[in-house]
Amino acid sequence: MKISIFGLGYVGAVTAGCLTSHDHYVVGVDVHDGKVADFNKGVPPIVEPGLEDLLKRAKERQLLRATTDCDDAIADTELSIVCVGTPSAPSGALDLSYVRMVAGQIGEAVKKKGTPHVLVFRSTMLPGSTEAIVAEKLADLESGDLLSVFYYPEFLRESTAVADFEEPSLAVVGSRDGSRPSESLMAALFGESAAVVNWPTAEMVKYACNAFHAAKITFANEIGRVGKQMKIDAKSVMNLLCQDTRLNISSYYMRPGNPFGGSCLPKDVRALTNKARSAGVNVPMLDSLLGSNDQHLRSLLSLVEATGQREAVILGLSFKSNTDDLRESPMVDVAQYLLGHGLTLRIYDPALNLSALVGANKRVIDVRMPHLAQLLQADLGSALGSKGVVIAAQKCAGIAELAAHITDHHHVIDVNGWTELRELPSHYQGFCW
Ligand SMILES: NC(=O)c1ccc[n+]([C@@H]2O[C@H](COP(=O)([O-])OP(=O)(O)OC[C@H]3O[C@@H](n4cnc5c(N)ncnc54)[C@H](O)[C@@H]3O)[C@@H](O)[C@H]2O)c1
């Protein structure tokens with residue numbers, strides 16, 4: 001393909017070099033005369049292992065040139081990739097001015113060219129940015145089919161960027177409505193196995209990845225600081241932690257949904273942060289976990305309140321499916337809150353047998369919910385009744401069983417990512433999706 005790349009910084013220069021090694025013809029565009037001059041000599045404008053060789057070879061094969069002239073680049077290519085910077089404004093907000101400017105210039109140049117063009121944004125932009133920029137600068141071109149626009153987040157790391165380009169850790173491409181780009185585009189640019197989603201989802205994936213990386217690094221560093229204070233080598237602690245690829249380094253616990261609870265996580269986070277505090281070690285991230293979990297629970301309560309329903313049903317009271325452990329179960333807090341606010345509450349949890357509860361688990365009932373026996377329904381139909389808000393915390397009934405009892409007078413809040421609930425005649429609302 002003939003491709004123009006806007007922004008010859010860390011991302012753009014590597015993308016340009018790598019695309020030429022796949023036999024694409026590339027025109028680099030930058031506002032910086034010095035970078036363009038270097039590029040035209042095959043000299044990388046940045047330090048990146050392997051890039052110099054790629055650019056030299058591309059020059060020899062006449063597959064690479066650079067310019068400061070947008071019209072020239074658009075006229076000479078069929079697809080443009082935008083890799084200009086998106087720095088932080090002093091307020092911390094994202095500065096999209098370079099992307100906006102380049103989008104406007106590309107729009108004008110495509111109009112002059114008058115033949116269909118593909119535009120791919122690679123700069124990191126917050127969800128909604130592609131849509132806003134298209135609406136502001138490119139609406140007539142896009143609706144008139146002169147321009148197809150994609151958002152294609154970049155996951156390369158500086159210093160291993162060439163290898164990352166060849167073998168990306170993740171490939172996601174966003175189109176306006178989530179429809180798949182043409183197979184020729186998938187093969188030439190995005191990769192046939194790239195996930196295809198809509199623009200904002202693709203934009204959000206990039207932020208979720210970077211926030212996750214930052215959270216991992218911060219977590220390891222906080223464990224390191226607490227460990228050092230206790231004369232423990234946190235490097236070996238973290239090495240061992242990483243050996244658990246079932247619960248730790250895995251997709252487990254990585255689904256938005258229920259707040260955490262149970263007999264271990266809240267207690268152990270509390271003990272660790274208390275120990276850190278008494279040892280004089282500041283661990284803001286670990287300190288934030290219980291507060292964030294509490295905030296999550298509050299947002300569920302707000303959703304329930306917003307339905308305006310005065311009858312509520314909780315499906316699953318214990319802290320997770322197939323256990324009768326009620327200790328620090330978030331749904332016990334939900335039940336107490338709803339009762340305290342005068343709602344009529346019914347609970348269905350087939351794993352709970354009150355007469356079998358003993359010890360600390362029984363104390364939760366005796367102290368916090370002594371009237372649980374009257375709320376707990378053995379039968380799903382009696383629990384659901386004829387109306388009310390259904391807080392589906394767990395899959396404690398089959399979808400067919402639910403379908404037999406749920407009507408359009410019910411309002412289901414799906415706390416657990418049980419998306420088949422959408423098929424029921426009730427009003428459906430996802431907790432945090
Ligand atoms: N650097 C990374 O490792 C990395 C990784 C993934 C994603 N990203 C994202 O990619 C984007 C680019 O990052 P970068 O590190 O390559 O930035 P950079 O600052 O190194 O390069 C940006 C380039 O854009 C040029 N530019 C600005 N306005 C222009 C215009 N109107 N026309 C043409 N060129 C213009 C600048 O002169 C500069 O050379 C950012 O959104 C960044 O968040 C960066």
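At 59% relative accessibility, Y253 counts as exposed; exposed means over 50% relative accessible area, buried under 20%, and partly exposed in between, with a 1.4 Å probe and protein chains only. The model is predicted, so local features need pLDDT of at least 70 and side-chain atom pairs count only at pLDDT 80 or more, while totals for chains, interfaces and linings use all residues. Residues are numbered from 1 along each chain as its sequence is written, and side-chain values use heavy atoms, with hydrogens and water left out.

Y253 is not a glycine, yet has a positive phi of about 65°. Y253 sits in the loop between helix 10 (234-243) and helix 11 (265-278). Helices (H or I, at least four residues) and strands (E, at least two) are DSSP runs, numbered from the N terminus. D145 also has a positive phi of about 65° and is not a glycine. D145 belongs to the loop between helix 6 (129-143) and strand 6. With a relative accessible area of 63%, D145 is exposed.

The chain is divided into domain 1 (2-199) and domain 2 (293-430). These bounds come from an automatic or database domain assignment. The centres of domain 1 and domain 2, taken over C-alpha atoms, are separated by 49 Å.

The largest nonpolar core holds 35 residues. Such a core is a set of buried Ala, Val, Leu, Ile, Met, Phe, Trp, Tyr and Cys residues joined through side-chain atoms within 4.5 Å. I81, V120 and F190 touch the most other members. Helix 1 (residues 10-21) gives this core its largest share, five residues. Another core, of 31 residues, lies apart from it; L300, L326, L343 and L357 are among its members. In soluble globular proteins, nonpolar side chains tend to be buried together. V120 has contacts (heavy atoms within 4.5 Å) with L79, S80, I81, V82, F150, Y152, L189 and F190, not counting residues up to four places away in sequence.

The structure holds three aromatic pairs. Rings of Phe, Tyr and Trp (its six-membered ring) pair if their centres lie within 6.5 Å; planes under 30 degrees apart count as stacked, over 60 as edge-to-face and the rest as tilted. The ring centres of Y152 and F190 are 4.7 Å apart and the planes stand at 75°, so this pair is edge-to-face. Y152 lies in the loop between strand 6 (147-151) and helix 7 (161-166), and F190 in helix 8 (residues 183-190), so the pair ties together parts 38 residues apart in sequence. Both Y152 and F190 are buried. Ring pairs link F150, Y152 and F190 into a cluster.

Five strands form an open sheet in the order 10-9-11-12-13, with parallel pairing. Two strands pair if DSSP finds at least two bridges between them. Strand 10 (344-348) and strand 13 (427-430) stand at the edges with a single partner strand each, so one side of each is left without a neighbour in the sheet. The twist averages 20° from one strand to the next.

Strand 9 and strand 10 pair over five bridges, and L315 stands opposite Y348 in strand 10. Five of the five residues of strand 9 (residues 311-315) are buried, so this strand is largely enclosed by the rest of the structure. E311, V313 and L315 cover one side, A312 and I314 the other. Strand 12 (residues 410-414) and strand 13 pair over four bridges. H411 has H427 in strand 13 as its bridge partner.

Terms used. Axes are lines fitted to C-alpha atoms, for helices over the stretch in contact, and angles run from 0 to 180 degrees between N-to-C directions.
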